[in-house]
Structures are given as structure tokens and as C-alpha cells.
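Dear colleague,

Please find below the structure that I am handing over to you. My notes on it follow directly after the display.

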Amino acid sequence: MNGAARKLTESVARSPATETPPAVPSATEPIPAPLTIHQVWRWLVLHRRQLRTLAIGTASLALFLLSWHLLTKYRVTVHVRFVNVPSPEMVFDSLMRVSRDNKFLSHVFLSCRRIFIGFAIAATIAVPLGLVMGRFRLVREIVFPVSEVLRPIPAIAWVPMSIMLWPSNEESIVFITLLGSFFPILLNTLHGMAMVDPVLIRAAQCLGAREASIFREVYFPAALPHVFTGLTVGMGVAWVSLIAAEMISGQFGIGYFTWEAYSLVQYADIALGMICIGVLGLGSSALIRGVGRVVMPWAKT
Amino acid sequence: MTATSAATVQQGKVTVTDFGLSYDTLEGLVEAVRDASIHVDPGEFVSIIGPSGCGKSTLLNAVAGFLKPTRGEVAVDGDPVARPSADRGMVFQQYSLFPWKTVRENVEFGLKMKGMERSKRETSARTLLGLTGLLAFENQYPDSLSGGMKQRVGIIRALATGPKVLLLDEPFGSLDAQTRLIMQQILTNMWQRLKTSVLFVTHDIDEAIFLSDRVYCMTARPGTIKAEIAIPLERPRHQSMMMSSEFLALRRGLMSLIREESLKAIGGEVNDIALQGLDIDLHGRSLADVI
């Protein structure tokens with residue numbers, strides 16, 4: 001299959017060249033670049049893997065939507081009850097309705113703002129702390145036990161404490177978001193520092209680098225891929241924590257919207273809220289990966 | 001670059017006196033190197049050869065300043081070595097290029113640490129890259145280079161700051177045989193021009209003879225200097241010399257020295273019967289290489 005495809009590519013690549021003599025490039029004559037059928041075919045062959053992934057992905061999503069549609073249309077009840085579950089069409093109608101009113105958009109906006117503030121604070125504390133802990137044993141010995149005790153506590157368990165700690169509801173929700181993303185970022189940064197190849201440190205020393213330069217030029221960039229792993233994981237946990245906090249103590253936000261929909265028996269809005277959370281989570285993770293690619297041009301994929 | 005080398009030609013005398021290094025383990029004190037005394041004269045190319053684990057890299061790391069001697073002294077131009085510095089450039093077997101820096105930024109690194117301004121260090125890095133035929137790759141990341149290219153970058157990165165001594169720790173050990181030969185030729189040509197003192201660690205006998213003015217041969221653990229052999233082959237050197245009777249005589253001499261130590265190094269794992277006919281099978285490598 002592969003071999004055949006390659007042969008095909010080769011023959012496609014060769015055939016136009018053998019038929020037409022090589023054109024002499026001239027400055028005056030504009031070189032036309034029509035997309036020949038051959039080129040389109042070559043492009044398709046070269047990108048067959050990506051196209052395959054895309055095709056299967058689309059089909060898989062379509063299948064998911066179809067099953068959802070059928071399960072709700074026929075109100076299937078096999079122990080699990082789809083009786084009250086909204087159908088995709090109902091959710092779509094709901095989306096059309098709420099997209100016209102500012103209230104829903106302000107819920108989304110508020111959630112995003114909480115994520116942004118909480119995550120930004122977590123990253124600005126956890127990344128430098130992880131770097132310093134990785135470099136200086138004493139700092140690690142002091143901070144690590146505390147972080148290990150606090151780390152297993154799920155963000156949702158912090159809700160009562162957080163409400164007591166912070167004067168406003170908004171602050172306590174941001175605090176919970178912060179806590180959720182803090183530990184994945186810290187631990188991954190720390191791991192990144194531990195994975196720094198010691199031979200690179202020695203190479204830098206032999207080239208005259210001292211402590212500060214080694215930290216800036218070797219430790220930091222070497223740990224960066226792990227830092228970004230931490231940021232991606234941290235972003236995921238930030239959304240989990242945020243939604244939990246909003247459902248319990250919020251008056252706004254997409255988590256609150258979803259919970260309120262249940263209380264008000266607006267079942268389509270529940271699914272809408274859920275999908276919205278999924279899309280926002282996906283988008284924010286993609287954003288971090290994109291930033292990672294820009295910041296680390298040497299790293300593959 | 002030639003200007004700096006002319007100025008440094010009378011510098012770079014390495015003296016290692018009565019060097020000993022041991023470390024503590026649960027089983028007691030382990031002696032890695034004992035009573036080793038070596039020297040490299042300014043502008044001389046010296047190799048240390050010995051079986052695996054004989055402490056030749058330990059010795060080199062002590063000259064680099066990574067390890068402190070338990071006994072004895074390591075000095076360069078009379079100054080005791082206390083810590084790593086740009087005076088002693090090092091090339092590692094694992095290349096150790098910074099993956100997040102482009103080829104040129106890697107070469108520039110030492111100059112940057114010296115505080116040289118950007119445009120100046122860029123110019124000198126490009127000159128060095130041009131000399132080694134790597135200018136076309138200046139903006140690539142090391143991951144996209146072949147092993148031989150990486151090590152060329154590693155060598156010129158270490159040379160860029162104009163070190164008094166160049167230390168190489170089995171630099172061609174992870175290259176394939178053909179590339180290794182080419183790299184040896186490149187290194188000897190570069191050295192011919194720069195005349196920096198070189199201390200070269202290897203377990204490849206041919207490599208040591210081809211490159212060096214003198215070769216130290218080390219014993220199995222605890223490592224001691226067993227012999228010191230001058231290599232009177234004329235310079236500049238070419239691969240064709242490796243077939244000369246002079247070269248082969250040197251190789252025979254070194255091989256018999258090394259073989260004894262290699263057998264000691266692999267200890268009781270191989271008995272006499274297993275070693276019969278070894279002369280035929282070794283193909284000029286030490287037993288440690290073959291196994």
C-alpha cells in the first residue's frame with residue numbers, strides 16, 4: 001500500500017518534467033502557477049495520513065451525534081434513562097436562543113476571566129518556585145513536604161475554607177482555580193529541573209558560564225518543555241476546579257449556568273453548558289500548546 | 001583565530017603530579033586512579049588510552065576541574081585547577097550541544113559568557129563555522145544535524161574562546177567508523193593550524209597513534225600510568241599513514257600493552273580456553289572493544 005503510493009507519487013512527480021522541457025526563467029515573463037490536477041493529486045497523496053485522521057475524526061464525531069440523536073429520539077431506557085435527556089436539535093435551538101442574549105455571554109466571559117486570573121497567578125508563582133526548588137536543595141527540602149500534603153486535596157474540598165478565607169465570592173472562586181492549576185505546574189517544573197542533562201551543565205561550565213548564566217541559559221530552557229506540560233495539565237485542572245466552585249458558590253459563570261439550568265428544569269441548557277465547558281477547555285489547552293510552539297522552536301511537535 | 005593561536009602557542013602546559021582519586025562506597029574506599037603523573041607541553045597533542053573503566057576519563061575530568069584529586073595536583077601553566085573554566089575547553093562523547101540554541105548560538109556561547117558583544121561573536125562564530133563547512137547550518141538546531149556535524153560544532157564551540165588546552169573525552173566514540181576517520185583527519189588538520197595543547201582520551205589504538213605526539217597507556221583499575229609512548233610519525237598526518245610499517249609497529253606495541261590490561265579489566269569472566277585464537281579475531285581492536 002505504502003510502496004504503491006510512493007511509486008505513484010514518483011511517477012506523478014516525474015511525468016510533467018519529462019513531457020515539458022525545463023522552462024528558462026525570465027524576469028519579464030510572469031511564471032504562471034496553475035494548480036494542475038497532478039499537483040492536487042500529489043498534495044492529497046502527501047497528506048494522506050492527515051486526511052485519514054481528519055476523515056475518521058469527522059466520522060467519529062458524526063457517529064457520536066447520531067447516536068445521541070437516536071438515543072434521545074426514541075427515549076431509550078436500558079437502566080440508563082434517556083427520557084429527559086435533551087436531543088442535539090434541542091441543544092442547538094438553545095444555543096441559538098442564548099447567543100442572542102447577553103446574559104449567557106457574560107457567564108462565559110466571567111468564567112474565562114476567572115480562569116485567566118487564577119491560572120496566571122498560579123503560573124507566575126509555581127514556575128519560578130519550581131525552578132528555584134529544582135536548583136536549590138534546601139528550598140526543595142523546605143517546600144516539598146508542605147506541597148505534598150496540600151497537593152492531594154481536591155480543589156472542591158477547598159470551597160468551604162476558601163469562602164472563609166476570602167472576603168468576596170469572586171476571590172474565593174479565583175483562589176480555587178489557582179489552587180487547581182498550581183500543583184501540576186509546580187510538579188512538572190520540578191520534574192523538568194530534575195531531568196536537565198548534567199553534561200550540558202558541565203559543557204556550559206567549560207565555556208565559562210557561572211551560576212546565574214547557567215540558570216538562565218541551561219536550566220531554564222532545558223526545563224521549559226516540562227513547564228509547558230505542567231501548564232497544559234494545570235489548565236485542564238483549572239477548568240475542573242472552576243466549574244466545581246461555580247456550581248457550589250457561584251452566582252455567575254458557565255458552571256453556575258449549567259447547575260441553574262438543572263434547578264430550573266431547562267434540560268437543553270445543561271447540555272449546552274457542558275459542551276461550552278468542553279469547547280472552552282479544549283481552546284485554552286490549544287492556546288497553551290500554540291504558545292509553547294512559539295516559545296520553543298527547537299522542540300519537535 | 002590564527003592571531004589568538006599565535007599568542008597562546010607558548011601557553012597550555014598541563015601538569016598532573018602524583019594524581020590519585022578514590023571515593024567512598026559501602027564496601028569501603030574504591031581507588032579509581034593511583035599515582036598518575038602526566039604532562040602536556042604547550043602545543044602538544046597527547047592521548048590517554050586504556051581499557052574501559054581504567055580511570056582515563058576521571059583523569060580528564062580532573063584536568064577540566066569537575067573532580068578534585070584526592071591526592072596530588074593538577075595544574076595548567078603552574079596554576080592549580082580549582083574549577084571548570086573557559087581556559088580548558090572540553091568536547092564530550094555525547095556532543096552536549098544545547099538543543100535550544102541554533103548551531104551558531106552554540107558556537108557563540110563561550111564568547112557570550114565572556115561578555116563579547118553580539119555582532120562580534122556572530123562574526124567569529126560564522127568564521128569558525130565556515131572553516132568547518134557548517135556555515136549553511138548556522139541557523140539549524142542541533143537535532144537536525146548528523147553525529148559528525150554535531151561533533152564538529154562541539155569542537156569549534158570549545159575552541160571559539162581560544163582555550164589554553166582542549167580536552168576531548170572519547171569524542172568520536174559514538175560515530176560510525178567512516179565518519180570517525182574523517183573526524184580524526186579534521187581534528188588533526190585543525191590542530192595543525194591552531195597548535196592548542198590537546199589532551200585526548202580514547203580506547204581506540206589507531207585513533208591515539210594517528211592523532212598524537214605522545215600516548216599514555218593506563219592500567220586497569222586502579223588506573224595507573226603503565227607506559228608513555230612517543231609517536232614519531234611525521235606531520236601533517238594523513239589517513240594513508242595508517243598503513244605504513246612505522247604505524248603498524250607502533251600499533252603492535254600498544255596493542256600488546258593494552259591487551260594485558262583489557263584482560264585484567266574483564267576479570268574472571270573469560271577463561272584461558274575462551275581466549276584462544278584471540279590474535280586472529282581482534283582486528284586491531286582491544287579486547288574491551290570487541291566484547
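This is a predicted model: local features need pLDDT of at least 70, side-chain atom pairs count only at pLDDT 80 or more; totals for chains, interfaces and linings use all residues.

Residues are numbered from 1 along each chain as its sequence is written, and chains are lettered from A and ligands numbered from 1 in the order in which they are written.

Chain A

Chain A contains 12 helices and two strands (DSSP runs numbered from the N terminus, with H or I of at least four residues for helices and E of at least two for strands). Along the sequence their order is α-α-α-β-β-α-α-α-α-α-α-α-α-α. Of the 301 residues in chain A, 31% are buried (20 or more other C-beta atoms within 10 Å of the residue's own; 12 or fewer is exposed, in between is partly exposed, and C-beta atoms are placed from the backbone). Contacts are pairs of residues whose C-beta atoms, placed from the backbone, lie within 7 Å. Among those in chain A between residues at least 6 apart in sequence, 73% join residues at least 24 apart.

Helix α11(A), residues 254-263, has Ile254(A), Gly255(A), Tyr256(A), Phe257(A), Thr258(A) and Ala261(A) buried. Their cover includes α5, α10 and α12 of chain A. The axes of α10(A) and α11(A) are 7 Å apart, at an angle of about 50° (axes are lines fitted to C-alpha atoms, for helices over the stretch in contact, and angles run from 0 to 180 degrees between N-to-C directions). The two helices α10(A) and α11(A) are therefore oblique to each other (under 35 degrees is roughly parallel, over 145 roughly antiparallel, 65 to 115 roughly perpendicular, and the rest oblique). In this packing, Leu242(A), Ile243(A), Glu246(A) and Met247(A) of α10(A) meet Gly255(A), Tyr256(A) and Trp259(A) of α11(A). After α11(A) comes Val265(A), with a positive phi near 55°.

Contact between the chains

Chain A gives 13 residues to the contact and chain B gives 21 residues. On the side of chain A, α9 (198-206) and α10 (211-249) each give two or more residues. The largest share of that side, six residues, is from α9(A).

Nonpolar cores

The largest nonpolar core has 80 residues, and Leu59(B), Val63(B), Leu167(B) and Leu199(B) have the most contacts inside it (a core is a set of buried Ala, Val, Leu, Ile, Met, Phe, Trp, Tyr and Cys residues joined through C-beta atoms within 7 Å). Its largest share, six residues, comes from helix α5 (residues 147-159) of chain B. Not counting residues up to four places away in sequence, Leu59(B) touches Val16(B), Phe19(B), Val33(B), Ala36(B) and Ile48(B). A second, separate core of 52 residues includes Phe104(A), Ala122(A), Phe175(A) and Ala244(A).

Glu31(B)

Glu31(B) lies in strand β2 (residues 28-40) of chain B. Glu31(B) counts as partly exposed because it has 16 C-beta neighbours inside 10 Å. Leaving out residues up to four places away in sequence, Glu31(B) touches Ser22(B) and Pro222(B).

With kind regards

Key
Two residues are in contact if their C-beta atoms, placed from the backbone, lie within 7 Å.
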